[in-house]
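Hello,

Here is the structure I said I would pass on. My notes on it follow below.

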Amino acid sequence: MDGDGDTRSWFRVDGVTKVYPNGIRANDGLSLHVAPGEVYGLLGPNGAGKTTLVKQVIGLLKPTSGQIMLGGHDLVADPAAARQLCSYLPQAQVPIDSFRAREAIVLCGLVRGGGRAAVRRRADELIEALDLGEWRDKRGIGLSGGVKRLVGFAMVTVCPGRLVILDEPTNDVDPLRRRLLWEQVRQLGDRGAAVLLVTHNVLEAEKAVDRLAVIDNGTLIAEGTPSAMKAHDRGHLRLQLMIAPGRGAPALPPFAQRSTLVGRNLMTVIGAGDAAAGITWAQQAIAAGLAEEYALSATSLEDAYIELTGHAGQDGDGG
Amino acid sequence: MAAWARSYWRMSAWDLAALRLYVPVLSAVLMLQGAGFVLGVGLLFSRMPAAAAVFLATGAPVMNLITAGLIFEPQLVAEQRIRGSYEFIQSLPVPRSAAALAWYSVALLTALPAVILTLLTGLARYDLHLAITPMIVPAVMLTCLTGVLIGLAVAHGVTAPMVANLISVTLIFVMTGFSPVAFPASQLPGWLEAANRWLPFGSMATIVRAALVPGGQAGAARAYLVVAAWAAGSALVLAWAQGRRG
């Protein structure tokens, strides 16, 4: 994507700093860029400054300093243009209690300026693609959280802006329809939209994004493709141990390079040459009743993320 | 201009669809408010004086119009803020003025059945004969518009949902008990009567009453100016609140 020469059409954040009146520095000199057609992940722990950045992009907050540009439009100077050019799916559910599912998608497309026939056609395509036919004429008040989430996604993307911002789009969505949703996210990129994906879900992000940034304490601490982010861990393996209920974590073996405990799930990174010793250690822990099971696998983006931020991502148990 | 008009129509359709489960309930609540007030106050008298009956019957519909604007939007926005959907609505690519006018249209549609029922209840209960003039149209529209704009200014200007709700409810109490809407201003203490010359609610009642009561036009021109000034001031506060970006 970096090879795209026409940078005027890119979404660019340059040196954005946001300091709230209470002195909290939510963003500190953030810079990133997203090319048309690119799916860009924005990862970071709670309070990292992701939502603050998004609110500045869509014109609801003004940066203390810095510039946000989209295709030659200055979104800081012209928040009305930001609303025209960006589609935004918030982390909270969209307010559709009174709407029927298809009606909500169509009306949102019309409010976004789409033509009536095109919006209806695209709404039907999205309902089909996301397997929402069963609920197309059901009112929002009776829909499950996952179905509401998918309807919200369809509302935002039925007539997408040049930049589509998706904040945790798969929350509450069942695994089968998550795959359908990710296919639609890819298609958004294929149709030329830049997609900014805000998520805690590192494992899903790894599969869905072209590039990603990790931000923490308002600053960008890493950026690149998922493969590049994992490059540091080449030659390493992840050894996961499910600790038995009521038992403490066993003492780590000397070859464990780093470890994180999420719930009962102990994740350690070991060298590839220590695989056999790692398996022996895990089997001994199980035999001693300290653990229930173990798994040895290639390191993932999540391991790189944990090393960068010191936090486990959502679904950090590998689920 | 065509794009603005299209945004207005589509946002009106959005608001109507979003509130379709609630509009009949809101309308019924307003009917209960208006008809209940007209009939309830009458229980204080064995025979209500004609002048008092006129104030009551023409003031209660004004309460409907003000309530529709002052209560519903602050409560709706407060709920959006609590549920986290406020940013989604605010991110829609609709001109703020078109969105505000769309909401005004929905509020007017919600209030009008109650206004008519309340007025008819007063006329029937107290055997009144009013002379309705065409000025009722601008009077009702301006009164509702000003109520809606004050409500929108509170809804978007006060970011704490509970505080916004408290302010709107307090304003309803001020309208009911401390503003010459359903009784003459001369009944108030001098300082409160003077204050009400610059507050909107009494003037709203004055302009509506001027379009209904023969010979009731005294002070109407000034009242129009006061109400229009409150509409303009509220619109400015609303524009500031929606343009404010932390």
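The centres of domain 1 and domain 2 of chain A, taken over C-alpha atoms, are 34 Å apart. Domain 1 of chain A runs over 7-224 and domain 2 over 230-309; these bounds come from an automatic or database domain assignment. Their contact takes eleven residues from domain 1 of chain A and six residues from domain 2 of chain A (in contact: C-beta atoms, placed from the backbone, within 7 Å).

This is a predicted model, in which local features need pLDDT of at least 70 and side-chain atom pairs count only at pLDDT 80 or more, while totals for chains, interfaces and linings use all residues. Residues are numbered from 1 along each chain as its sequence is written, and chains are lettered from A and ligands numbered from 1 in the order in which they are written.

On the side of domain 1 of chain A that touches domain 2 of chain A, two or more residues each come from α7 (202-208), β9 (211-216) and β10 (219-224) of chain A. Helices (H or I, at least four residues) and strands (E, at least two) are DSSP runs, numbered from the N terminus. The largest share of that side, four residues, is from α7(A).

In chain B, α1(B) has B:Ser7, B:Arg10, B:Met11, B:Trp14, B:Asp15 and B:Ala18 buried, whereas B:Ala2 and B:Ala5, on the other side, are exposed. Buried means 20 or more other C-beta atoms within 10 Å of the residue's own, exposed 12 or fewer, with C-beta atoms placed from the backbone. Cover for the buried residues of α1(B) includes α3 (101-111) of chain A and α5 (96-126) of chain B.

Regards

Methods:
Contact = placed C-beta atoms within 7 Å.
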